[in-house]
Amino acid sequence: MDGVTEMIDALADRVAGGGVVVLSGAGLSTESGIPDYRGPSGVARRHTPMTYQTFTRDPLARRRYWARSHLGWRLMARAEPNDGHRAVARLQHGGLVDAVITQNVDGLHTAAGSPAVVELHGRLDEVVCLDCGNQVSREELDRRLREANPGFDARVAAVNPDGDVDLDDAAVAGFRTVDCTFCPAGTLKPDVVFFGETVPAPRVARCFALVERARLLLVLGSSLTVMSGRRFVLRAAKLGIPVVIVNQGPTRGDGYAALTVDAPLGRVLPALADRILGPVPGGLAGSDPVGAGASAGAG
């Protein structure tokens with residue numbers, strides 16, 4: 001029996017009992033063309049990620065953000081779920097995964113057909129007014145920004161996981177932002193959690209409740225570098241709930257894991273779903289993981 005077969009068997013043994021809650025991160029979306037900050041496809045950004053404090057207090061910084069995000073959204077909107085997202089949805093529909101907690105803002109779990117997703121950091125395709133609370137779709141805002149900036153045609157090569165892009169200040173000097181149409185001069189913001197902003201307490205409580213009821217916490221594509229996601233691993237470990245991590249590269253949760261798998265998720269997850277639920281008619285691309293490594297942890 002080779003290492004790949006053993007890895008899939010070990011994952012299947014853990015997941016087949018059901019009661020699984022998934023915690024996903026940016027590494028799950030890399031095969032959809034959205035790079036990770038810290039994984040093998042991570043992008044080195046030249047500017048500091050926008051903070052909530054800067055966004056709300058500095059109109060010029062807010063204009064720079066919207067110019068960059070306006071371009072990034074066009075790329076994000078074209079992203080499609082990959083085989084990893086679809087495999088997670090299969091495991092949900094098969095009754096093995098009870099819920100997905102995602103740190104991603106790309107909406108790809110839902111697009112793949114996952115029925116129960118908690119978007120911890122919000123969704124980039126929704127926009128909220130900070131003054132009146134009115135929400136609109138990102139498509140509607142995109143239309144308004146295009147109308148306000150008919151000559152804005154800067155080019156970007158890549159988009160960051162938060163929908164932002166790297167863009168020279170000279171390219172955004174003439175960019176015009178738009179305000180809320182529901183209240184006078186209301187400030188619009190993507191309905192996502194910025195750096196320096198806290199996740200709404202009810203959402204965090206819901207995630208903790210899901211983890212506490214789980215039989216297994218399955219971490220997919222997250223380095224667990226920030227506490228926003230790592231706290232759920234810590235809670236599971238404290239309660240004696242097994243943690244399994246599938247990620248390319250080490251994570252800050254490896255010491256709590258009963259099993260770690262260093263492998264491409266778009267290959268491992270379809271193979272896992274096939275092993276437990278049987279192959280999908282016609283097959284799923286990437287169902288033969290190559291070059292993957294697994295190890296048992298102390299969890």
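A nonpolar core is taken here as a set of buried Ala, Val, Leu, Ile, Met, Phe, Trp, Tyr and Cys residues joined through side-chain atoms within 4.5 Å. Buried means under 20% relative accessible area, exposed over 50%, and partly exposed in between, with a 1.4 Å probe and protein chains only. The model is predicted: local features need pLDDT of at least 70, side-chain atom pairs count only at pLDDT 80 or more, and totals for chains, interfaces and linings use all residues. Residues are numbered from 1 along each chain as its sequence is written, and side-chain values use heavy atoms, with hydrogens and water left out.

**Cores**

In the largest nonpolar core, which has 29 residues, Leu11, Leu218, Leu220, Val246 and Leu269 touch the most other members. Elements giving two or more residues to this core include helix H1 (3-15), helix H4 (83-93), strand E7 (216-220), strand E8 (243-246) and helix H9 (265-277). The largest contribution, six residues, comes from H9. Helices (H or I, at least four residues) and strands (E, at least two) are DSSP runs, numbered from the N terminus. Beyond its neighbours within four places in sequence, valine 246 has contacts (heavy atoms within 4.5 Å) with residues including Leu11, Leu218, Leu220, Val261 and Val268. A second, separate core holds 28 residues, among them Met50, Val127, Val172 and Phe175. In soluble globular proteins, nonpolar side chains tend to be buried together.

**Strand E4 and its partners**

Strand E4 (residues 122-129) is largely enclosed by the rest of the structure, because six of its eight residues are buried. Two strands pair if DSSP finds at least two bridges between them. E4 runs antiparallel to strand E6 (residues 188-192), joined by four bridges, and valine 128 has lysine 189 of E6 as its bridge partner. Three bridges pair E4 with strand E5 (residues 135-137), also in the antiparallel sense; here valine 127 is partnered by valine 136. Five residues separate E4 and E5 in a hairpin, and glycine 133 in the turn has a positive phi of about 85°.

**Salt bridges**

Ten salt bridges are found in the whole structure, each a side-chain nitrogen of Lys or Arg within 4 Å of a carboxyl oxygen of Asp or Glu. Three of them are listed below.

| Aspartate 274 | Arginine 90 | 2.8 Å |

Arginine 90 lies in helix H4 and aspartate 274 in helix H9, so the pair ties together parts that are 184 residues apart in sequence. Both arginine 90 and aspartate 274 are buried. Glutamate 147 and arginine 143 lie four residues apart in helix H6, about one turn of the helix. Lysine 189 is buried at 2% relative accessibility, while glutamate 197 is partly exposed at 26%. Glu119, Arg123 and Asp125 are linked in a network of salt bridges.

**Cysteines and positive phi**

The structure has zero disulfides, a disulfide being a pair of cysteine sulfur atoms within 2.5 Å. The sulfur of cysteine 183 is 3.7 Å from its closest cysteine sulfur, in cysteine 129, which is too far for a bond. Cysteine 183 is buried, at 15% relative accessibility.

Leucine 224, though not a glycine, has a positive phi of about 55°. Leucine 224 sits in the loop between E7 and helix H8 (227-239) and is buried at 1% relative accessibility. Alanine 185 also has a positive phi, near 60°, but is exposed, with a relative accessible area of 55%.
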